[in-house]
Structures are given as C-alpha cells and as structure tokens.
Amino acid sequence: MMNPVSAPVISIDPVDGLIDQPRRIVVSGLVPDELVAISAHTQRARGATWMSQATFMADADGVIDLARDAPVGGDYAEVSAMGLIWSQQPVESANHEIFADEVMEPLRTTLIAETAGGIQAKAELLQRFAGPGVDRREIREEGLVGTLFTPAGPGPHPVVVVLNGSGGGINEPRGALLASRGYQAFALGYFKAPGLSPFITETPLEYLETGLDWARRKLEPKDGFVAVSGQSRGGELALLLGATFPHLVSAVIAFVPGAVVHGAQGAGDPARGGWQGTTWTRGGVPLTHLWQDNQAVHWHPWAGDTPPSRHHSVFFEGLKDKALVEQARIPVEKITGPVLLISGRDDRAWPSSLYSRMVVSSLHRAGHPGLVRHLDFDDAGHAINLPIVPSTQLSREHPVSKVPYTNGGTPSGNARANEGSWKGMLAFLDEVTGSSSQT
C-alpha cells in the first residue's frame with residue numbers, strides 16, 4: 001500500500017490589508033498528523049530580510065490553522081495567528097529597522113510550507129501602513145520638519161501630532177496608520193531630521209509650540225481636537241507639552257514615558273554636556289533634569305564598561321534625590337485634557353510602569369477632570385510598537401550614542417503589548433473624540 005502524498009496549499013485571508021489587521025493563515029491538503037515547517041520571509045528596510053520558522057502537525061483532516069494550532073517547535077511556542085511575523089529575526093543581525101523604506105509601500109512577506117518530503121507551497125501577504133486614499137505630504141513650513149498624513153474622505157478629522165523618541169527622526173509608520181484609521185496625523189520631527197540638530201540637546205519647547213499652533217491653524221481639526229502622542233522621550237515630551245501648553249493640547253498619549261524631565265542621555269551632543277546635557281529649554285532657559293547635580297547618582301554610559309542588562313536601575317537611584325525630583329517633575333496637574341499612559345512592566349530601559357503610575361497618582365491627587373487611563377502590560381518592555389511587527393529585538397545599540405541597551409520584555413509579551421496598546425489607543429481616541437477608527 002502506497003503512502004499518501006500531500007499537496008499543501010497555503011491560504012491567507014486577507015492577503016492584502018493594513019499592518020494592524022490579523023490574517024487567517026491555513027495550510028491544507030496535508031496528510032493527517034504530517035509535520036510541516038512553515039517559514040516567513042519579509043523584506044524590510046534597506047532590502048534586509050527578516051525571517052522566522054515553526055513546525056506544525058496537521059490535524060485529522062490534513063489542515064493546519066495558525067489561529068488554532070500551536071507549533072510543536074520553532075521560533076514561537078503558543079497559539080498566535082500572526083506568530084510567524086512577530087517572532088521574526090533579521091537574517092543579518094546588524095539590521096534593526098522593522099519597517100519599510102517607503103511608508104506608502106507595503107511590507108511583503110513570503111510564506112513557505114515545506115513537508116518532510118520536500119514538497120513546498122508558497123504564498124504572499126502584504127501589510128500596508130497607508131490604506132486607500134491616505135495622502136502623504138512633507139511639511140517644511142515655519143521652521144517645522146514633519147510629514148502630514150490625511151485620511152481618505154471628507155474632513156474635518158481629529159488631529160494627532162506624533163513624536164518619536166530618543167532615536168529622533170519622523171515617525172511616519174505610526175502617522176500613516178493613524179490616518180488609515182481616520183485621524184489626521186502630523187508626524188513631527190524635533191531632532192535628527194532634515195535641517196534639524198542631530199542631537200536632542202537643548203531642544204526648544206517653542207519649536208513644538210509652533211507645531212501645535214500650526215496644526216490648529218492649518219489642519220482645521222474636527223472640534224478643534226489636537227492630541228499629542230509620543231514614545232519614550234517623546235512620551236516625556238508629550239506630557240511636558242500638555243502641561244506647558246494646555247490650551248494647545250486636547251489630549252496626551254504617552255507611550256513608555258518619563259514622569260520627570262531627564263538629561264540628554266543617549267541622544268545627547270557630546271560637545272554640549274553629553275549624557276548629562278540639557279534636553280529641553282523654554283525661553284532659552286534649560287529645564288531642570290534628573291541628572292543635574294543629582295545627589296544620589298551620577299548618570300554615565302557605563303564609562304565604557306559592559307552595560308548591565310537592567311540599566312533602568314540607575315533611574316531608581318536617581319529618584320532618591322527627592323528635592324531634585326520635585327524640581328524635575330513634569331507638572332502634569334496642569335494638563336486639562338484626557339491622558340492615556342502605556343507602559344511595560346518589564347521595561348529595562350527606564351521604569352515606564354512606575355513613571356506612568358506616578359503620573360496617574362499626580363493627576364488623581366489634583367482632581368484631574370478628564371479621562372485618565374493607564375495600560376500596563378505584563379512581560380512587555382520599552383519597545384512597545386505597532387501591532388504585528390517583529391517584537392524580538394530585546395537588546396540593541398542606541399541609534400544616536402551607539403551604546404548598547406536592553407529594552408526588556410519577551411517577544412510574546414511585547415507582541416501582545418503592541419496589539420493591545422494600538423487597540424487601546426484607538427479606543428481612547430474614539431472615546432474622547434466621538435469618532436470611529438473602524439478597526
């Protein structure tokens with residue numbers, strides 16, 4: 001009696017969609033109980049390939065359904081419809097860029113299912129940042145450097161100003177995806193962007209004030225709504241802007257933020273104080289920061305030594321200087337609009353979970369009149385990102401200082417935080433604007 005021969009077929013639903021859309025990936029035409037290796041190969045920035053692989057056992061009908069079946073081995077170990085995406089690693093380990101070179105172009109992933117007998121099936125899925133009709137326009141006005149993403153369909157639309165963290169640059173992927181969900185997004189660079197300083201050192205808040213004012217004047221936001229969303233140092237900045245310019249900020253969304261002003265740290269200009277240099281100024285006056293003559297600790301990039309795996313411990317030491325903390329604290333009680341805080345409980349870059357709780361406590365003590373929400377994710381680190389992207393880069397080199405650091409979390413926990421934070425942010429925006437992001 002001849003052994004049955006499989007003829008695998010991969011089906012993906014939908015094949016083409018936004019990056020935040022889960023897909024149903026099914027392999028059929030297999031022999032019952034057959035072991036099949038499925039790999040995912042994605043072309044990301046600068047032509048680099050990221051890949052993952054997992055082995056599955058077909059059911060009694062010769063079917064593998066990634067939304068139902070856990071792998072029996074491979075790069076992830078749980079039921080996850082999109083596990084083959086978030087468990088990817090770069091083929092060349094030096095590459096850390098998980099997005100595409102051009103935000104208006106999709107990421108292309110090739111799935112390959114291979115049986116023990118060497119029979120293969122292939123299929124391709126596309127992940128887009130910009131949905132149909134989303135418009136991208138570079139902004140170089142009034143000294144501002146950014147990119148505007150406008151949703152399809154008639155306005156007016158609520159506006160979200162998107163700020164990056166200590167890596168600098170312009171966060172176009174988040175801006176494009178927000179526009180795909182109905183929000184006009186102004187991704188605003190404030191350093192390490194064309195025509196701006198390569199360092200975060202001595203960034204004037206007036207520049208950000210101009211950006212907020214420009215958004216209100218030029219974008220005609222629905223009901224005058226202009227939110228600020230920032231990541232890491234951008235989260236610190238978002239809280240600071242909400243507290244400094246409450247008349248310009250309708251809501252604050254702070255991903256893995258700081259609750260106090262910090263020094264320039266890894267994005268600092270070596271010629272202007274380096275790690276302990278000033279980050280923000282107002283009216284030409286430096287804002288007091290946590291490393292400014294701190295009596296409990298002196299911040300340094302490990303003085304050339306091997307960095308610890310949890311360098312966020314230096315922040316706990318820094319917070320022991322109570323007098324300085326009070327001076328460096330962001331006066332969040334001055335924020336008048338709703339506030340969303342997003343953090344990871346295993347953040348090893350700095351203690352974003354603690355910082356977020358400090359902000360919530362300050363707002364509650366002050367009797368903040370608006371919505372205050374804190375999403376705190378188990379097993380998640382500092383690099384909470386867009387959904388359904390690789391979440392495996394637990395340690396990396398800082399893009400400015402080139403000093404290695406640890407983000408923390410686990411790939412699985414980070415993937416859940418990526419998805420949960422995105423859904424939570426859209427739900428928050430929908431609630432406070434009365435809009436619908438149509439997820």
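Me: Hello! Where does Pro 156 lie, between which two strands?
Reply: Welcome! This is a predicted model, where local features need pLDDT of at least 70 and side-chain atom pairs count only at pLDDT 80 or more, while totals for chains, interfaces and linings use all residues. Residues are numbered from 1 along each chain as its sequence is written, and side-chain values use heavy atoms, with hydrogens and water left out. Helices (H or I, at least four residues) and strands (E, at least two) are DSSP runs, numbered from the N terminus. Pro 156 lies in the loop between β12 (145-150) and β13 (159-163).

Me: Which residue does a cis peptide bond join to Pro 156?
Reply: Look at the peptide bond that ends at Pro 156: omega is about 0° there, and the bond is cis. The partner that this bond joins to Pro 156 is Gly 155.

Me: And what is omega for the cis bond that joins Asp 13 and Pro 14?
Reply: Pro 14 also has its place in a loop, between β1 (9-13) and β2 (16-18). For the cis bond from Asp 13 to Pro 14, omega is about -5°.

Me: Is Phe 129 buried or exposed?
Reply: Phe 129 lies in the loop between β10 (120-128) and β11 (135-139). Leaving out residues up to four places away in sequence, Phe 129 touches (heavy atoms within 4.5 Å) residues including Leu 18, Phe 99, Ala 176 and Leu 386. Under 20% relative accessible area is buried, over 50% exposed and in between partly exposed, with a 1.4 Å probe and protein chains only. At 1% relative accessibility, Phe 129 counts as buried.

Me: What is the relative accessible area of Ser 356?
Reply: Ser 356 is found in helix α7 (residues 352-365). Beyond residues up to four places away in sequence, Ser 356 touches Pro 257, Leu 341, Ile 342, Ser 343 and His 374. Ser 356 is buried, and its relative accessible area is 0%.

Me: At what angle do helix α3 and helix α4 pack?
Reply: Axes are lines fitted to C-alpha atoms, for helices over the stretch in contact, and angles run from 0 to 180 degrees between N-to-C directions. The axes of α3 (residues 205-218) and α4 (residues 233-244) are 11 Å apart, and the angle is about 75°. Angles under 35 degrees count as roughly parallel, over 145 as roughly antiparallel, 65 to 115 as roughly perpendicular and the rest as oblique. So α3 and α4 are roughly perpendicular, at about 75°.

Me: Which residues of α4 do Leu 205, Leu 208 and Leu 212 meet?
Reply: These three leucines belong to α3, and their partners are in α4. From α4 come Leu 237, Leu 240, Leu 241 and Thr 244.
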